[in-house]
Amino acid sequence: MARKKIVIVGSPNVGKSSIFNNLSSRYATVSNYPGTTVELFKARLEIGDKECEVIDTPGMYSFLPLSEDERIARLILTKDKPDIVIHVAAAKSLDRALPLTLQLIEAGLLVILVLNIMDEARKDGIDIDIRKLEKELGIPVVPTVSIRGEGIVELRKVIGQLLNSKVSDFFAKDKQLVEYPPLIEGALMGMASCLKTSYFLSKRGMGLLALQGDDEILKLIEENEGKENVRRLLAIKKDISTKVHQPIEYIVNLKLQQRVNEIKAGVLSQTVKKKKDLSRVLGDYILRPIVGIPLLLCFLYFAIYKLVGEFGAGVCVDFLEKKVFGAYINPFFTSIFEKIIPFDWIRSLFVGEYGIITLGLRYAVAIVLPIVGIFFFVFSFAEDTGYLPRMGTMLDRLLKKIGLSGRAVIPIVLGLGCDTMATMVTRILPTKRERIIATILLSLTVPCSAQLGVIMAVLSQQKGALLLWFLVISAIFALTGFFLNRILKGKKPSFYTELPPLRLPRLSNIFTKTYMRLKWYFKEVLPLFIWASVIIWVGQITKIFDVVLYLLNSPLKFIGLSKSLAPVFLFGFFRRDYGAAGLYDLSNQGLVSPRELVVAAVVLTLFLPCIAQFLVNIRERGMKFALGITVFILLFSFSVGFVLNKMLLLTGIYQI
Amino acid sequence: MYKLSDNEEDILESLWIEIEENKDKPNTRVLKDESAFQELMDKGLVDINKKTLLTKEGLKEAQKCVRRHRLAERLVADVLDLKDPLIHEASCKFEHGLHHGLEDNVCILLGHPKTCPHGKPIPAGECCSNFEKIPQRLIVPLKELQPGDIGKISYVSAYEGEVLKKLISMGFLPGKQVKLLHRFPSFVFEMENSSFAIDKDLAGTIHVLLLKRQ
């Protein structure tokens with residue numbers, strides 16, 4: 001018998017992943033939904049003698065998808081044909097979750113409603129009559145506090161019961177829970193009789209989505225029944241549209257909400273007035289500019305500069321570089337390879353100046369790993385406390401000036417960790433215009449943490465150099481965004497977000513997230529570092545690099561840099577952080593002047609995206625865009641270097 | 001300015017809806033026997049020989065009747081908080097009192113609503129075209145609330161697809177109670193145990209009935 005499929009759905013921030021982790025004790029796998037960059041978590045689950053597959057989906061607010069994430073979540077429901085759908089809802093926002101529950105049930109899916117975060121609801125004095133709610137909806141309802149594991153045993157039991165019984169024992173077929181206005185009901189009947197084939201969703205559910213102009217559903221019907229039938233459905237929709245003066249989805253949702261209110265009135269009572277607790281007061285203060293802006297600066301200073309920069313790029317890198325690699329690993333492997341490989345030129349592939357182990361592995365593990373790891377930890381912390389959406393709320397107005405909205409803080413801040421990952425995350429931005437602006441800014445101006453850490457380490461040796469670098473990069477960030485916002489056509493973005501309560505995050509969750517992200521990062525990055533070593537090695541022994549380095553001399557001279565920096569720029573082509581790490585080496589050897597250091601740091605920051613990001617740019621934005629932006633960045637970064645160099649010489653800040 | 005009886009106003013109203021909104025031919029047979037219809041003919045507002053029945057003057061007058069009716073509906077629904085089956089009945093009486101500029105005052109009070117509670121468009125009046133910020137309104141867009149103000153969403157005026165879908169997906173629907181917490185840098189409000197942040201444009205599309213002013 002085929003494995004049963006269980007799909008978890010629900011809006012963001014209700015603890016879907018936590019329910020998922022609790023259900024599946026086994027190792028979970030992450031994969032992209034075919035043809036997309038949306039990540040899906042899958043795991044196996046055994047209940048009794050039954051083995052199932054559990055799938056965690058991206059957050060969805062409504063059955064009618066608005067974003068790429070929601071589209072995928074819905075696609076899993078229609079195409080993957082789950083045997084059971086677990087709808088996870090935050091107990092205290094029952095009324096915002098129930099419209100989706102009603103639609104899932106009416107669509108003919110086998111739904112279990114999980115009311116999660118019951119503790120917060122109880123704290124607010126909310127009391128929910130679970131049995132009565134079950135009766136109203138005709139489905140099992142399970143209260144849980146997933147982060148403490150409460151209610152999971154019951155949930156497993158309910159799943160087991162559903163798997164072992166005939167469906168009809170629990171669910172009446174073609175259930176109707178909502179009575180829409182007569183015009184809509186008539187249209188639904190009409191549409192249902194139009195549909196000739198049977199779908200995984202009920203005809204009523206299909207009709208309701210088609211009536212609201214759901215392209216995906218209409219496409220599905222067209223695939224199965226041909227254009228003619230879709231035309232008939234659209235005719236029904238059009239007929240209704242002329243008879244009502246509000247959009248159909250508005251009428252449908254009003255009715256749904258009305259029904260939800262009726263249900264809610266019967267099952268929910270709120271006895272105590274909610275108290276002003278610490279989380280609420282703090283959450284409120286953070287949003288006041290007078291508190292929020294200093295806090296934001298503090299966050300950036302302590303979390304990014306102190307923790308990622310000084311501790312990660314300073315202390316940790318120092319330790320790993322000098323103590324671990326310098327004193328043990330490099331000498332160890334060098335001596336081994338000296339024994340087993342007699343040929344110098346082959347040996348240099350592994351342990352030479354640019355060897356796979358002595359350079360590639362060292363860069364990846366000793367320089368990049370501690371910095372990126374600490375950054376991901378900080379980011380996961382900001383995410384789990386609920387600070388991230390508040391940061392977006394604070395910065396929305398500023399970001400609007402560069403054509404983005406508060407939502408863009410997530411990819412932009414994540415870009416400070418890894419631009420490649422951040423570029424993938426730009427898909428949370430609702431419009432193409434925002435995604436383009438964010439991608440360009442990430443490629444051009446936002447330094448990733450590996451680069452950032454190294455640059456901080458290098459520049460902090462010179463007084464004022466770090467500040468100068470920061471000002472130049474910020475100015476370019478702001479100006480580029482400003483002009484893109486002017487030039488690009490399309491609608492200006494709008495901003496809306498839910499602000500989840502400030503929560504004290506669980507350390508184990510933060511570590512898990514950091515671990516998952518690091519794992520992803522290393523899977524992508526380590527091979528590239530190794531490859532870079534190999535390519536450099538090939539370039540070296542074939543003397544191709546000598547030619548390229550020679551060719552680089554004149555553009556470098558043009559921006560006032562000595563040719564000792566040429567290898568840094570060449571490596572920078574493979575990864576920006578690789579180049580920055582090279583700069584770090586040179587600076588430690590005292591081979592570059594302060595002026596050169598600042599100019600090189602700025603140009604390297606702006607420089608060509610690393611190969612991984614170039615590939616992601618192609619995947620997310622298309623070949624033409626990726627190539628265009630790369631050429632632009634190349635020219636732009638050198639031009640900025642030229643101007644900066646001239647200005648530094650003219651003003652006499654750094655004369656040597 | 002015509003002086004019209006309640007009956008005459010009702011006839012003009014139904015004619016206007018038949019002709020302008022439903023693009024239908026009005027049923028003349030029923031109407032012709034009524035004395036009110038005769039009166040309207042005498043006043044030159046309807047012409048039995050015309051295909052659409054309403055004369056140019058009549059059309060104008062009829063539109064005003066519809067406007068009064070739908071404003072009345074909004075008034076009883078939003079401000080007086082009447083529930084659906086009663087809305088029609090009450091507003092049928094209300095509308096005939098909304099003369100001498102009173103309808104414009106109601107319109108201002110409600111913040112120049114664009115549709116009646118049933119979603120039909122309200123014909124715009126003079127007050128709507130030279131619409132300025134008018135103080136002391138009961139129904140205001142969310143963006144004009146002050147921190148601490150409490151209101152109930154009475155309608156959303158975003159009728160273009162994407163914006164509306166966003167509002168729906170977040171659950172910003174009529175009947176929900178909101179409390180504004182911040183106006184700057186973004187609009188932050190509480191709704192049913194959850195907090196939300198939205199920008200000024202979206203805050204301008206959500207109209208609330210003020211319940212408590214800080």
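In this predicted model, ring pairs join Y301(A), F302(A) and Y305(A) into a cluster. Chain A is divided into domain 1 (4-170), domain 2 (182-270) and domain 3 (289-651).

**Aromatic rings and charges**

- Over all chains, the count of aromatic pairs comes to 19.
- F332(A) and F333(A) form an edge-to-face pair, because their ring centres are 5.2 Å apart and their planes stand at 80°, where over 60 degrees is the requirement for that class.
- F332(A) has a relative accessibility of 47% and therefore counts as partly exposed.
- F333(A), with a relative accessibility of 26%, also counts as partly exposed, since the buried class requires a value under 20%.
- The ring of Y285(A) has the charged end of R288(A) sitting over it, 4.6 Å from the ring centre.
- A further such arrangement involves R407(A), whose charged end sits over the ring of Y496(A) at 4.8 Å from its centre.

**Domain 1 and domain 3 of chain A**

- The centres of domain 1 of chain A and domain 3 of chain A, taken over C-alpha atoms, are separated by 38 Å.
- Contact between these domains involves 15 residues of domain 1 of chain A and 13 residues of domain 3 of chain A.
- Domain 1 of chain A and domain 3 of chain A bury about 1,300 Å² between them, with 43% of this area on carbon and sulfur atoms.
- Between domain 1 of chain A and domain 3 of chain A there are 2 salt bridges.
- Polar contacts across the interface of domain 1 of chain A and domain 3 of chain A number 3 residue pairs, both residues of each being at pLDDT 80 or more.
- E120(A) and R503(A) meet through their side chains in a salt bridge, at 3.0 Å from N to O.

**Chain A and chain B**

- The size of an interface is often given as the accessible area lost when the parts come together.
- In terms of contacts, 39 residues of chain B touch 39 residues of chain A.
- The interface of chain B and chain A holds 2 salt bridges.
- K400(A) and D199(B) form a salt bridge in which the closest N and O atoms are 2.8 Å apart.
- Polar contacts between chain B and chain A comprise 11 residue pairs, counted with both residues at pLDDT 80 or more.

Methods:
Residues are numbered from 1 along each chain as its sequence is written. Chains are lettered from A and ligands numbered from 1 in the order in which they are written. This is a predicted model: local features need pLDDT of at least 70, side-chain atom pairs count only at pLDDT 80 or more; totals for chains, interfaces and linings use all residues. Side-chain values use heavy atoms; hydrogens and water are left out. Rings of Phe, Tyr and Trp (its six-membered ring) pair if their centres lie within 6.5 Å; planes under 30 degrees apart count as stacked, over 60 as edge-to-face and the rest as tilted. Buried means under 20% relative accessible area, exposed over 50%, partly exposed in between (1.4 Å probe, protein chains only). A charge sits over a ring if NZ of Lys or CZ of Arg is within 6 Å of the ring centre and within 35 degrees of the ring normal. Domain bounds come from an automatic or database domain assignment. Contact means heavy atoms within 4.5 Å. Buried area is the accessible area (1.4 Å probe) that two parts lose on being put together, summed over both. A salt bridge is a side-chain nitrogen of Lys or Arg within 4 Å of a carboxyl oxygen of Asp or Glu. A polar contact is a pair of N or O atoms within 3.5 Å; within protein, one must be able to donate a hydrogen and the other to accept it, and residues adjacent in sequence count only if both atoms are side-chain atoms.
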